[in-house]
Amino acid sequence: MNAVVNANGLSKRYKNTLALDNVSFQIPSGRIVGLIGPNGAGKTTALKAILGLTDFQGHLNVLGMDPRTERDRLMEEVCFIADVAVLPRWIRVHEAIDFVANVHPRFNRAKCEAFLARTKLTSGQRVRQMSKGMIVQLHLALVMAIDAKLLVLDEPTLGLDILYRKQFYQNLLEDYFDENKTIIVTTHQVEEIEHILTDLMFIRDGKIVLNTDMEAMGERFAEVLVNADMAATARQLKPLDERQVFGKSIFLFDGVDQTQLQALGEIRRPSVSDLFVATMKGTYA
Amino acid sequence: MKTLYWLVKREFWEHRGGFIWTPVITGSIFLLMTVLTIITGEVLGHHSQMFHMNGVNGNWDIGRNANAESMKQFGVALDMMMCVSAAIVLGIAAIVIFFYCLGSLYDDRRDKSIMFWQSLPIANWKTVVSKVLSAVFIAPAIAAVLGVAAGIVMILTTASVAAFHGLNLWTTLASAHPVALVLNIVGLIPLYALCALPTIGWLMLCSAWARSKPFLWAFIIPLAGWFAVWWLHLLGTPGLSAQWFFSHVAARMLFAVAPGNWLGFVDSTGIPDEDVFGHLSLLHNYTALGSGELWLGVLAGAAMLAGAIWLRRWRDEA
């Protein structure tokens with residue numbers, strides 16, 4: 001099987017906390033995986049392990065390499081944007097392009113420049129003169145021009161306005177993603193990436209609590225709008241979550257037969273954010 | 001090799017201010033002070049009629065009237081002026097290098113731009129080596145050239161002023177040796193690099209290790225060591241000398257980026273002060289390589305740099 005990432009019994013302990021607790025998962029090629037979890041759940045640690053930026057226990061294989069020992073070679077095939085605004089503030093646009101073009105064997109300069117031509121960035125502009133959104137545009141232009149197999153995005157749109165956020169994901173989908181590439185993305189703005197994900201991974205307290213592709217998720221989970229008179233029946237089916245809207249109840253069910261649910265009321269596919277909130281209930285309590 | 005070249009170029013881009021503009025400004029201030037001194041001399045000289053005494057007022061061509069011996073002396077004086085200029089600029093460059101090393105592996109961790117550099121396929125040892133090369137070769141070489149250049153401008157200024165007073169110094173300028181001077185100073189840079197390694201290594205180790213305030217750590221640890229040795233000596237531990245520790249360990253960790261850092265390893269007695277090229281002679285200065293202490297320092301520096309590379313790879317911020 002051509003798994004891009006293959007983790008087996010992955011653990012990482014910081015002084016007092018277990019950031020990753022015996023985690024196992026596989027990410028096949030050509031997927032867009034959303035790694036979603038509350039603050040401090042271990043998302044960034046998992047990404048750092050994949051990128052060879054931290055030590056860990058267990059077995060982890062990225063594109064057939066061990067990120068701890070083969071990091072320099074691995075980074076030719078892996079790109080990442082960690083948080084916004086990590087480009088050095090002194091660098092100019094043309095310096096950044098020159099530098100990446102000369103140290104990265106898989107960088108396509110023409111592609112990068114074509115992408116930048118669609119933005120307001122000018123070649124002599126320094127990063128410190130740019131807004132947060134423009135910095136991300138530059139970073140994305142650099143990254144998209146690299147023909148990598150795996151792209152890791154850690155909160156890439158944090159603090160950007162909605163225009164930049166929409167544009168960011170649109171560019172990724174239209175100009176970058178294809179079946180040979182894999183993208184792992186973490187974000188708190190779940191609603192915005194929901195429609196582009198192919199796979200979903202929920203992480204909580206260092207454990208993967210849900211790992212599914214979006215199709216299977218639609219089959220497994222269902223949201224039902226139930227009238228007040230049927231609410232008691234619905235509760236007997238052990239819903240994950242219940243909330244009230246305009247005198248009706250919305251129940252979220254996990255793995256309950258669809259025909260059974262149809263009797264209760266109108267069924268719809270739950271949004272990732274609703275599912276997330278239901279799954280993570282009590283995290284901060 | 002190509003990656004290393006671009007890494008050094010990156011350092012140059014980032015530190016253009018320190019590597020080029022600081023020497024330029026230092027040289028300019030030096031020149032300005034010379035000009036001010038000349039003006040002061042002119043004004044005071046005018047009041048006291050210094051330049052018109054004895055009725056001498058006309059076309060003096062020192063070059064024509066001078067014999068070979070005095071020409072040589074003029075040449076030495078001019079070389080000396082350039083040397084002083086270069087020394088001042090290199091001295092300031094040493095301060096730049098000191099702070100450059102201290103920030104080299106710390107600043108990008110603080111502003112998180114390390115996340116960008118780490119997303120590129122660059123081995124950590126190359127990053128660290130590129131910074132070392134910038135500190136010990138690029139910065140001193142630029143400073144040396146600019147320092148001598150400032151010296152040349154100064155000589156020309158002096159000659160022009162002298163010309164106003166009817167003194168023709170132009171022919172004497174030919175007896176100066178700016179090119180040889182630059183070549184000698186640049187030729188000494190590899191020796192400088194070797195002797196600077198203990199300080200470079202120490203500062204970069206602190207830079208890679210410190211979570212905050214690398215400057216404080218870089219100073220406190222050697223000074224605390226010095227104090228500990230002094231204290232143990234006070235308690236009567238035999239074989240300890242605080243003075244020895246300071247000059248051979250603490251000072252080498254902190255101040256070995258100063259120009260002429262190899263002079264402690266060569267014996268310059270017997271060379272007259274005015275023999276500029278005797279002091280700058282490559283053959284003479286490179287005898288420092290015979291010193292065991294120099295190599296011990298190189299070894300210590302290399303070990304600390306290895307530590308810095310390891311920390312750069314595995315320092316976990318979380």
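Helix packing, chain contact and confidence

In this predicted model, helix α4 (residues 109–117) of chain A packs against helix α5 (residues 132–144) of chain A at an angle of about 150°, and their axes are 8 Å apart.

Biologist: Why is α4(A) called roughly antiparallel to α5(A)?
Modeller: The angle between them is about 150°, and angles over 145 count as roughly antiparallel, so α4(A) is roughly antiparallel to α5(A).

Biologist: Which residues make the contact of α4(A) with α5(A)?
Modeller: From α4(A) come A:Lys111, A:Cys112, A:Phe115 and A:Leu116, and from α5(A) come A:Ala141, A:Leu142 and A:Met144. By class, six residues of this contact are nonpolar, none is polar and one is charged. The crossing of α4(A) with α5(A) is right-handed.

Biologist: How many residues does each chain give to the contact of chain A with chain B?
Modeller: Chain A gives 22 residues and chain B gives 21 residues. On the side of chain A that touches chain B, α3(A) gives the most, with five residues. That side divides into 13 nonpolar, three polar and six charged residues.

Biologist: What does the predictor give as ipTM and pTM for the complex?
Modeller: The ipTM is 0.87 and the pTM is 0.88.

Biologist: Where in chain B is confidence lowest, and where highest?
Modeller: Helix α3 (residues 62–65) of chain B is lowest, at a mean of 55, and helix α1 (residues 2–14) of chain B is highest, at 95. The mean pLDDT of chain B is 87, with 92% of its residues at 70 or more. Over residues 52–58 of chain B, pLDDT stays under 50.

Terms used:
Residues are numbered from 1 along each chain as its sequence is written. Chains are lettered from A and ligands numbered from 1 in the order in which they are written. This is a predicted model: local features need pLDDT of at least 70, side-chain atom pairs count only at pLDDT 80 or more; totals for chains, interfaces and linings use all residues. Two residues are in contact if their C-beta atoms, placed from the backbone, lie within 7 Å. Helices (H or I, at least four residues) and strands (E, at least two) are DSSP runs, numbered from the N terminus. Ala, Val, Leu, Ile, Met, Phe, Trp, Tyr, Cys and Pro count as nonpolar, Asp, Glu, Lys and Arg as charged, and the others, Gly among them, as polar. pLDDT is the predictor's confidence in each residue, from 0 to 100. Axes are lines fitted to C-alpha atoms, for helices over the stretch in contact, and angles run from 0 to 180 degrees between N-to-C directions. Angles under 35 degrees count as roughly parallel, over 145 as roughly antiparallel, 65 to 115 as roughly perpendicular and the rest as oblique. A crossing is left-handed if the near helix is turned anticlockwise from the far one by less than a right angle, and right-handed if clockwise.
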